[in-house]
Amino acid sequence: MTEPLLLTTARVTTFDGDRLLTGASGFFFERAARLFFVTSRHVLQDAPSKHHPNRIEIEVHVDAVNLTRSAVLSVWLFKDGKSQWRQGLDSGGEIDVAALEIDRASLPASAEIRCFTPAHLQVELSQVEVGTGLLVVGFPLGFHDTMYHLPVVRHAVIASAFGIRFQGQGLFLTDARTHRGTSGAPVVTRDATAGASLPWKLLGVHSSRIDMGTRDLVLDESLGLNAAWYAAILLTLTA
């Protein structure tokens, strides 16, 4: 059996009908027996890039021992013309996080997933220091263990004051090497008090890289900084 953290995160592929569009990351969140799949909102809809999928596929394991076995869950994003995901707003504008409720009956009976819960969220923000070590669990450029269908993990650290909304938005910065396809990945830190079943704190949802528009592409390296939206928004989106 693999580490539970790796079973929280799944590869998500977006489609317009049968036409393949993009790949990204997402994770499972459970609240009061209801199941949600969480990813970046721009994975499901992004007007600036004219990204308008109407369906996603989520890959899940179906055997606790033989991880080579997987199944694909197809989820329509609209019903009767209405979007099926939940997204949020605050004083800083739109929050780039989406939660899509999953009907458990649509999952394979033997589906092997692990879920974050409200208990995995960081309640006391002042307890998290700048420079705290993090992991970002996802599928950069779609790269993953294609035999066992598992994500990969990148190291990161908190790069801005945690609990303070960076530039007035509901996000904090991470210092990590990330790529396209990581959007929607959980940003976690180790928490030995959370119990052996899933000993992690869910601090954020990775959104995108941050760079300087004035950067000289020849002389200056990329900043290597990223936006991660505070995971506490999930309490609102799953209420």
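In which sense do strand β1 and strand β4 pair, and over how many bridges? In this predicted model, strand β1, which covers residues 9-16, and strand β4, which covers residues 55-61, run antiparallel to each other and are joined over four bridges. Within this pairing, T14 stands opposite I56 of β4.

Turning to the protein as a whole, the model contains two helices and 15 strands. The radius of gyration is 17 Å, close to the 18 Å that the globule rule gives for 239 residues, so the protein is as compact as a globular protein of that length. Its C-alpha atoms fill a box of roughly 50 × 45 × 35 Å along the principal axes, and 47% of the 239 residues count as buried. Among contacts with a separation of 6 or more, 64% are between residues 24 or more positions apart. The accessible surface comes to about 11900 Å², and carbon and sulfur atoms account for 53% of that area.

V43 lies in helix α1, which spans residues 41-44, and V43 counts as buried because its relative accessibility is 4%, where the cut-off is under 20%. Apart from neighbours within four places in sequence, V43 is in contact with V12, T14, A24, H51, P53 and S183; T14 is the residue that stands opposite I56 in β4. Q167, by contrast, is 124 residues from V43 along the chain, and the C-alpha atoms of the two are separated by 23 Å.

The second residue, T189, is found in strand β13, at residues 186-190. With a relative accessible area of 15%, T189 is also buried, because this value falls under the 20% cut-off. Once residues up to four places away in sequence are set aside, T189 touches T132, G133, L134, W200, K201 and L203. With G133 there is a polar approach as well, in which a polar atom of the T189 side chain lies 3.0 Å from the backbone oxygen of G133.

Definitions and conventions:
Residues are numbered from 1 along each chain as its sequence is written. This is a predicted model: local features need pLDDT of at least 70, side-chain atom pairs count only at pLDDT 80 or more; totals for chains, interfaces and linings use all residues. Side-chain values use heavy atoms; hydrogens and water are left out. Buried means under 20% relative accessible area, exposed over 50%, partly exposed in between (1.4 Å probe, protein chains only). Contact means heavy atoms within 4.5 Å. A polar contact is a pair of N or O atoms within 3.5 Å; within protein, one must be able to donate a hydrogen and the other to accept it, and residues adjacent in sequence count only if both atoms are side-chain atoms. Two strands pair if DSSP finds at least two bridges between them. The radius of gyration is taken over C-alpha atoms; the globule rule is 2.2 Å times the number of residues to the power 0.38. Accessible areas come from the Shrake-Rupley method with a 1.4 Å probe; for residues, only the protein chains shown count as cover.
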